[in-house]
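Work through the exercises below with the sequence and coordinates open. Try each task before reading its solution.

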Amino acid sequence: MANEQSQEQADTGMPDWSAYRGVLIVVEQRDGAAKKVSWQLLGEGKKLAAKLEAPLMALVLGDDVAHLAEEAVHYGADRVFLCEAPELRTYRTRPYSRVCLKLIEEAKPEIVLFGATATGRDLAGAIATHLPTGLTADTTQLDVEPPPSRLLLASRPAFSEKMMATILCKQYRPQMATARAGVFQALPKDAAREGEIVRIEATMREEEIAAQVLDFLRETGKLNLEESEIIVAGGRGLGGPDAFGLLADLADALGGVVGASRAAVDAGWIGHEHQVGQTGATVRPKLYFAIGISGAVQHTVGMSHADVVVAINKDEKAPIFQFAHYGIVGDLFKIVPAIAEEIRQRRTLFGIKVGSAENSLSADALERSEAK
Ligand SMILES: Cc1cc2nc3c(=O)[nH]c(=O)nc-3n(C[C@H](O)[C@H](O)[C@H](O)COP(=O)(O)OP(=O)(O)OC[C@H]3O[C@@H](n4cnc5c(N)ncnc54)[C@H](O)[C@@H]3O)c2cc1C
């Protein structure tokens, strides 16, 4: 079989990479909890592995993280490499990249995927500088060419986001990419699913690691749109920064956070950390409100995978209604407070605590709204 494939590969004029097989997802965790993007990548990796008729693998690194190896199996991994050591408790570039490099050398995956988070970008970049291969950053679409080429088709916006570029790594293995959170869909968790868990050794002792983690200071008021399950987003239809207070009120009643279109961000009504879309965050919440947002393609690419979209717009022909599961045609200044009030009443009735503006707005946006 391998010989046949090598022959086919020789026919295509490509180097023989038949020793490299399978898709490896590097699972990102903090304090023993995995980032959602890792499970989303397992979901996408499963499709790629199926097309390549190859195994889907995962690498879990940390201290006391064996439960994540089990979880990776439940989310679709066939084989999970688990590396546990006190030195790996908190992310540091060298000890993490050393483990990854050794595993890549030994397990020889043909594709390695990381989340395009701050940690994933750092780790993937560090690994790529040690391997004679390329790295496609911040991809939003992944596919593979079937055998014999087995090429990863890693696509991402390019040229100031005006077009999509598909980047290939023809001459080297593994093919590596980071992928944006919220773009791909995780498989439903299957607790009955079984897979192989392989323990591997850490490669560096504490005294060999130059960087020390003295303390971990959590940034307060930092918004994490990608991980939010409920987003209440507003656009130019809000007419100014004050109306974001109405959206924050609805978001608080729902236990969600505030998002925005680029038009609202460019107008200076709210910070860029709230922006959803092509040049903002790609989100996949359970519930997305699009309020006073027309539905330009650069916005909808960032939110069209939401489970439920509710659009509020006074123009019944606004394109956003094509994406909406529920559409309300009318004036947002009347509709939004009415919905917020109704939700608060129902939550009080059932004894559910509602949030506060601090939870739904970034520290910067909160300051702006308090200054008013
Ligand atoms: C390279 C590039 C990248 C881009 N990236 C992004 C991106 O990441 N995210 C993004 O969002 N955009 C992005 N854009 C901009 C995008 O093309 C649109 O211009 C933008 O999304 C429009 O924002 P909007 O829907 O808020 O405003 P508009 O298109 O002006 O829509 C405002 C809507 O509000 C409605 N409205 C007005 N008053 C009311 C009211 N009282 N009640 C109810 N509804 C009301 C109107 O009917 C209208 O539909 C990008 C553009 C380019 C060229």
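**Exercise 1. Cis peptide bonds**

In which loop does Pro148 lie? Then examine its peptide bond with Pro147, and treat Pro174 in the same way.

Solution. The model is predicted.
- Step 1: Pro148 sits in the loop between strand S8 (141-144) and strand S9 (152-158).
- Step 2: Pro147 and Pro148 are joined by a cis peptide bond, with omega about 15°.
- Step 3: Pro174 is in the loop between strand S10 (163-167) and strand S11 (175-179).
- Step 4: a cis peptide bond links Arg173 to Pro174, and omega there is about 0°.

**Exercise 2. Positive phi**

Locate Glu53 and Asp64, and decide for each whether it is buried or exposed.

Solution. 
- Step 1: Glu53 belongs to the loop between helix H2 (36-52) and strand S4 (56-62).
- Step 2: its phi is near 50°, a positive value in a residue other than glycine.
- Step 3: exposed means over 50% relative accessible area. Glu53 is at 71%, so it counts as exposed.
- Step 4: Asp64 lies in the loop between S4 and helix H3 (66-74). Its phi is positive, near 60°, and it is not a glycine.
- Step 5: Asp64 has a relative accessible area of 57%, so it is exposed.

**Exercise 3. Helix H6**

Why is helix H6 (residues 244-254) described as largely enclosed by the rest of the structure?

Solution. 
- Step 1: list the buried residues. They are Phe244, Leu247, Ala248, Leu250, Ala251, Asp252, Ala253 and Leu254.
- Step 2: compare with the helix length. Because 8 of the 11 residues of H6 are buried, the helix is largely enclosed by the rest of the structure.
- Step 3: Gly255 follows H6, with a positive phi near 75°.

**Exercise 4. Two single residues**

Is His274 buried or exposed?

Solution. 
- Step 1: His274 is in the loop between H7 and strand S15 (287-291).
- Step 2: its relative accessible area is 0%, so His274 is buried.
- Step 3: the His274 side chain reaches the backbone oxygen of Val258 at 2.7 Å.
- Step 4: With a relative accessible area of 29%, Thr93 is partly exposed.
- Step 5: Thr93 and Leu123 are 30 residues apart along the chain, yet 6.0 Å separates their C-alpha atoms.

**Exercise 5. The ligand**

How many residues surround the ligand, and which helices each supply at least two of them?

Solution. 
- Step 1: the shell holds 27 residues, and the closest are Arg236, Ser261, Thr279, Ser294 and Asn313.
- Step 2: by class, 6 are nonpolar, 15 polar and 6 charged.
- Step 3: helix H7 (262-266), helix H8 (297-300) and helix H9 (332-349) each supply at least two residues.
- Step 4: a polar side-chain atom of Thr279 is 2.7 Å from a ligand nitrogen. A polar backbone atom of Val276 lies 2.8 Å from a nitrogen atom of the ligand. A polar backbone atom of Gly292 is 3.1 Å from a ligand oxygen.
- Step 5: the protein covers 78% of the 990 Å² of accessible area that the ligand has on its own.

**Exercise 6. The largest pocket**

Which residues lie closest to the centre of the largest pocket?

Solution. 
- Step 1: the largest pocket holds about 1,100 Å³ of space.
- Step 2: it is lined by 29 residues, and those closest to its centre are Lys35, Lys222, Leu223, Asn224 and Glu226.
- Step 3: the lining divides into 9 nonpolar, 8 polar and 12 charged residues.
- Step 4: helix H5 (residues 118-130) gives the largest share of the lining, 3 residues.

Methods: Residues numbered from 1 in each chain as written. Predicted model: local features only at pLDDT ≥ 70, side-chain atom pairs only at ≥ 80, totals over all residues. Heavy atoms only, no water. Near = heavy atom within 4 Å. Polar contact = N/O pair within 3.5 Å; in protein donor to acceptor, adjacent residues only side chain to side chain. Areas by Shrake-Rupley, 256 points an atom, 1.4 Å probe, with all protein chains shown as cover. Helix = DSSP H or I, 4+ residues; strand = E, 2+ residues; numbered from the N terminus. Nonpolar A, V, L, I, M, F, W, Y, C, P; charged D, E, K, R; others polar. 1 Å grid on protein atoms, 1.4 Å probe; cavity = no way out; pocket = protein on both sides within 12 Å on 5 of 7 lines; lining within 4 Å. Points joined across faces, edges and corners; volume = space filled by probe spheres on them. Buried < 20%, exposed > 50% of the residue type's maximum accessible area, 1.4 Å probe, protein only.
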